[in-house]
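Me: I have a chain here that I would like to talk through before I set anything up. Could you take me over it piece by piece?

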Amino acid sequence: MIESISGKLIDVRENRVLIEQEGIVFSLAAPRTDGWITGETGRVYTYLHWNADKGPTLYGFTNISERQAFLLLLDCPKIGPQIAITVLSQLTPDQFFNYITSQNESGLSSIKGVDAKKAEQIIYTLKNKVGKLISEGSLLSDTGSGESALAVHWQHLQDALTSLNYSKQEISDALKYLSEKHAGESPEINTLLRSALGFLSQGK
């Protein structure tokens, strides 16, 4: 596998990057090209995808976190590279991980190319995988900003509610309620936990 390519960026477009390394020009499909400037030297993290009909396609990413999110999306049934690229062209990896851990179906389905059914499927497939990556400390952040920390908060909230013996359905309902209540906010874990317990107590 080609891990990354470092060279001169000879053409940067909306969804494609051309990078030259030792006389060889690589053309890479990319979800976003923010920060890449034609003529400068840069590093592109890569993934080589093989399609039986179209052959190989090389994808390029601005950082390892973006590639990690892309590969997780490919793990979802009926989610191919084009949909994965579309999602990551509209969300940063941290925002995407936050949607998964908070089980925010409405937020994910608002992304162009992702309907409600696809959003539900993506979250169902990835919520445990992303949760495990967070628990292991293997989930990478693209910026180190609040979005990444918020994804960790949502996972810690799920762990706390599980330890209190709430069922998976109760936890899922609470997360859906909280993702709507705190949409656009960056609540601390204590705030999330209080809100979750208040919501769940109403159903008792």
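This is a predicted model: local features need pLDDT of at least 70, side-chain atom pairs count only at pLDDT 80 or more; totals for chains, interfaces and linings use all residues.

Me: Fine. What share of the residues of the chain count as buried?
Reply: Of the 204 residues in the chain, 43% count as buried.

Me: Let's go to the aromatics. How many aromatic pairs does the count come to?
Reply: Taking rings of Phe, Tyr and Trp whose centres lie within 6.5 Å, the count comes to five aromatic pairs. In one of them, tyrosine 59 and phenylalanine 70, the ring centres are 5.2 Å apart and the planes stand at 40°, so the pair is tilted.

Me: Where do tyrosine 59 and phenylalanine 70 sit in the chain?
Reply: Tyrosine 59 belongs to strand β5 (residues 55–61) and phenylalanine 70 to helix α1 (residues 64–74), so that, at 11 residues apart, the pair links distant parts of the chain. Both tyrosine 59 and phenylalanine 70 are buried.

Me: What about the rings of phenylalanine 61 and phenylalanine 70, how far apart are their centres?
Reply: Those centres are 4.9 Å apart with the planes at 50°, so the pair of phenylalanine 61 and phenylalanine 70 is tilted. Phenylalanine 61 is buried, as is phenylalanine 70. Ring pairs join Tyr47, Tyr59, Phe61 and Phe70 into a cluster.

Me: Switching to the strands: where is leucine 28 found, and what does it touch?
Reply: Leucine 28 is in strand β3 (residues 24–29), and it is buried, with a relative accessible area of 0%. For a sense of scale, its C-alpha atom is separated by 39 Å from that of glutamate 188, which is 160 residues away along the chain.

Me: On to helix α2. Which of its residues are buried?
Reply: In helix α2 (residues 81–90), the buried residues are Pro81, Ala84, Ile85, Val87 and Leu88. They cover an arc of only 160° around the axis, which puts them on the same side of α2.

Me: And what do the buried residues of α2 pack against?
Reply: They pack against β4 (41–51), β5, α1 and α3 (93–101).

Me: Serine 102 next: buried or exposed?
Reply: Serine 102 lies in the loop between α3 and α4 (105–109), and at 2% relative accessibility it counts as buried, because that is under the 20% cut-off. Its side chain reaches the backbone oxygen of asparagine 98 at 2.8 Å. Apart from residues up to four places away in sequence, serine 102 touches Trp154, Leu175 and Ser179.

Me: Which helix holds threonine 125, and what does its side chain lie 2.8 Å from?
Reply: Threonine 125 is placed in helix α5 (residues 116–136), and a polar atom of its side chain lies 2.8 Å from the backbone oxygen of glutamine 121. With a relative accessible area of 19%, threonine 125 is buried. Its contacts, not counting residues up to four places away in sequence, are with Asp75, Cys76 and Pro77.

Me: Last one, helix α8: how many residues does it have, and how far does it reach?
Reply: Helix α8 (residues 189–202) has 14 residues and reaches 20 Å from its first C-alpha to its last, close to the 20 Å expected at 1.5 Å a residue.

Me: Which residues of α8 are buried, and which are exposed on the other side?
Reply: The buried residues of α8 are Leu192, Ser195, Ala196 and Leu200. Seen down the axis of α8, they fall within an arc of 130°, so they line one face of the helix. On the other side of α8, Asn190, Arg194 and Gln202 are exposed.

Terms used. Residues are numbered from 1 along each chain as its sequence is written. Side-chain values use heavy atoms; hydrogens and water are left out. Rings of Phe, Tyr and Trp (its six-membered ring) pair if their centres lie within 6.5 Å; planes under 30 degrees apart count as stacked, over 60 as edge-to-face and the rest as tilted. Helices (H or I, at least four residues) and strands (E, at least two) are DSSP runs, numbered from the N terminus. Buried means under 20% relative accessible area, exposed over 50%, partly exposed in between (1.4 Å probe, protein chains only). A polar contact is a pair of N or O atoms within 3.5 Å; within protein, one must be able to donate a hydrogen and the other to accept it, and residues adjacent in sequence count only if both atoms are side-chain atoms. Contact means heavy atoms within 4.5 Å. The expected span of a helix is 1.5 Å times one less than its number of residues. The arc is that of the directions from the helix axis to the C-beta atoms.
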